[in-house]
Amino acid sequence: MNKKVAFYTLGCKLNFSETSTIARNFSSEGFERVDFKEKADIYVINTCSVTENADKRFKSIVKQAQKINPEAFVAAVGCYAQLKPSELADVEGVDLVLGATEKFNITSYLNDLTKNDMGEVHSCEIQDADFYVGSYSFGDRTRAFLKVQDGCDYKCTYCTIPLARGISRSDTLENVLQNAKEISEKNIKEIVLTGVNIGDYGKGEFGNKKHEHTFYELVQELDQVDGIERLRISSIEPNLLKNETIEFVSQSNSFVPHFHIPLQSGSNEILKLMRRRYMKELYVDRVTKIRKMIPHACIGVDVIVGFPGETDDLFLETYNFLNELDISYLHVFTYSERDNTVAASLQGVVSKKVRAKRSKMLRGLSAKKRRAFYEQQLGSNRTVLFEGENKEGYIHGFTENYVKVKSPWNPELVNTLHEVALTEIDDDGLVRFDFVSEAY
C-alpha cells in the first residue's frame, strides 16, 4: 500500500509554488497525494510568519490533521519553521520541523513515520540558505505560480523574511524558461511570476551579487515562450519597477496590464522609519508612468497601518495620498510586532484599537477605489480567463487587467479565454458581461 501524504499551505504564492515542488518529491518516492481533509499517513504544513494570525492558525491546522488521523506524522516547514523551530516543535502533535534549506529534502528526514514524543528540529543557520531551489505550482487548472527568485537583501525594519528565507538569489534564465515551457505544455493559460523580491532577479547563488540577468531581460525572454497566453507580475518594489519594464508590458504579447506595487506608507517620515528604498514621490512617478503608457492597467497597492510612530496626522497623510492616487485596489496589512526586528523596539507604539480603526478606513477606501476602477472599465471589451470553481451557481473569471467577472455556471467555460464586453456591476461588486467571441 502506498503511504498517503497531504499538504496545507499558509501564506503567499511563493509558498504554494514550493509546496508543489515538495509534493512532487513525495510522488517520486511513491507517496500518494490526498486532500488535507482526507486521512493521510503524513501531513505537511508549509508555514508563514508574515502576520501574527498565520502563527495562530498553525496550531488549529495541526489539530485538524490530528482529528482526522491521531496517528499521522505531522511535519512543519517554511518561514515560521525557520524563525521559531522550537516553538513549532513544542506544539502537541508535531513530529518534525524543517527550516529553509531542509524543507526540499523532507523525504530524507522521514524514518518509519512513527510519531515522536517531541518534535524533531532540523533548521539551518539562515546564512546557509544561499542556494536556489526552483519551483512552480498549479493553483488551479487555469494558472500556475512560477518561482523565479528567493530571499531578500533589503533591511525593512518590520520584516522577518530575510531571517526566514536568507539572501536574495535567483533561478537561472534557462531554468525559468524551461519551467515556463513545461507549464505551457500542461494547457495552463496563465503564469504568475513569484518570488520574495522579484525585481531583484538576477543575483546568483552562494552570495554572488552580480546580476547575471536583469528582471527586464527575464520579462523579454518569457514573452517569447510559445503557448503561454498570459504572464502576470505578482508584486514588484517601486524602486525596481523600471520605465523599460512598464514600456515593454505596454507592448507585450503575453504580459498583462496589472501591476502590484508595495507602498507600505504614504508618509515619507514613516517610509524612513521602515527603511524603505524610496520616497512617496517615486511611487507617484511609477503610477503616473503606468497610467500614461497603459491607461486601463490595474494597479494594486500594499499598505501597512499602525506602524510605530504613525500618528493620526501621518496616517491621514497616507489616507489622503492614496485617495488622490489613481490606483485600483489596496491590500491592507495591520502592523504586528515581530521578534528580532528593529521596528519591535521603536517608540510611538500604536494601540491595537487604533490599528484596527485605520485598517477599516483603508479597506473602505480600497472598496471605493475598486468600484471606481470597475466603473471605468464598463463598456470596454476585455479578455476573460474563466476559473474552475462553481460558486453558488456562478463561474468567475478575471480580465487581463484584473476585473473580476461572473456568469451563470457553465463547466465548458472552465480554463477558456473569451473576449467579452463589460456591461454592469452586480450587487456583489462583480462585473457582468456579454460574450463577444468564441473561446480560444
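Mentor: Start with an open sheet of 3 strands, ordered S13-S14-S15, with parallel pairing. Strands pair if DSSP finds at least two bridges between them. This is a predicted model: local features need pLDDT of at least 70, side-chain atom pairs count only at pLDDT 80 or more, and totals for chains, interfaces and linings use all residues. Residues are numbered from 1 along each chain as its sequence is written, and side-chain values use heavy atoms, without hydrogens or water. Strands (E, at least two residues) and helices (H or I, at least four) are DSSP runs, numbered from the N terminus.

The edges of this sheet are strand S13 (258-264) and strand S15 (329-334). Each of these edge strands pairs on one side only. From one strand to the next, the twist averages 20°. S13 and strand S14 (residues 298-305) run parallel, joined by 6 bridges. Within that pairing, Gln264 has Val303 of S14 as its bridge partner.

A helix covers these strands. Helix H11 (residues 312-324) lies across S13, S14 and S15. It runs at about 175° to S14. Angles run from 0 to 180 degrees between N-to-C directions, with axes fitted to C-alpha atoms, for helices over the stretch in contact.

Now the helix pairs. Helix H8 (residues 243-251) packs with helix H10 (residues 280-293) at an angle of about 25°, and their axes are 10 Å apart. That angle makes H8 roughly parallel to H10 (under 35 degrees; over 145 is roughly antiparallel, 65 to 115 roughly perpendicular, the rest oblique). The crossing of H8 and H10 is right-handed (near helix turned clockwise from the far one by less than a right angle; left-handed if anticlockwise). H8 brings Asn243, Ile246, Glu247 and Ser250 to the contact. H10 brings Arg286, Lys289, Ile290 and Met293. Contact means heavy atoms within 4.5 Å. By type, the residues of this H8 and H10 contact are 3 nonpolar, 2 polar and 3 charged (nonpolar: Ala, Val, Leu, Ile, Met, Phe, Trp, Tyr, Cys and Pro; charged: Asp, Glu, Lys and Arg; polar: the others, Gly among them).

Helix H7 (residues 215-222) and H8 pack at about 15°, with axes 9 Å apart. H7 and H8 are therefore roughly parallel to each other. Their crossing is left-handed. On the H7 side are Phe215, Tyr216, Val219 and Gln220, which meet Glu244, Thr245 and Phe248 in H8. The residues of this H7 and H8 contact divide into 4 nonpolar, 2 polar and 1 charged.

Last, a covered strand. In strand S3 (residues 42-47), 6 of the 6 residues are buried (under 20% relative accessible area with a 1.4 Å probe, protein chains only; exposed is over 50%, partly exposed in between). Ile42, Val44 and Asn46 point one way from S3, while Tyr43, Ile45 and Thr47 point the other way. S3 runs parallel to strand S1 (residues 4-9), with 5 bridges joining them. There, Tyr8 stands opposite Ile45. S3 also runs parallel to strand S4 (residues 73-78), with 6 bridges. Phe73 of S4 is the bridge partner of Ile42.

Finish on Asn46, in S3. Its relative accessibility is 2%, so Asn46 counts as buried. Beyond neighbours within four places in sequence, Asn46 touches Tyr8, Thr9, Leu10, Asn15, Glu18, Thr19, Val77 and Gly78.
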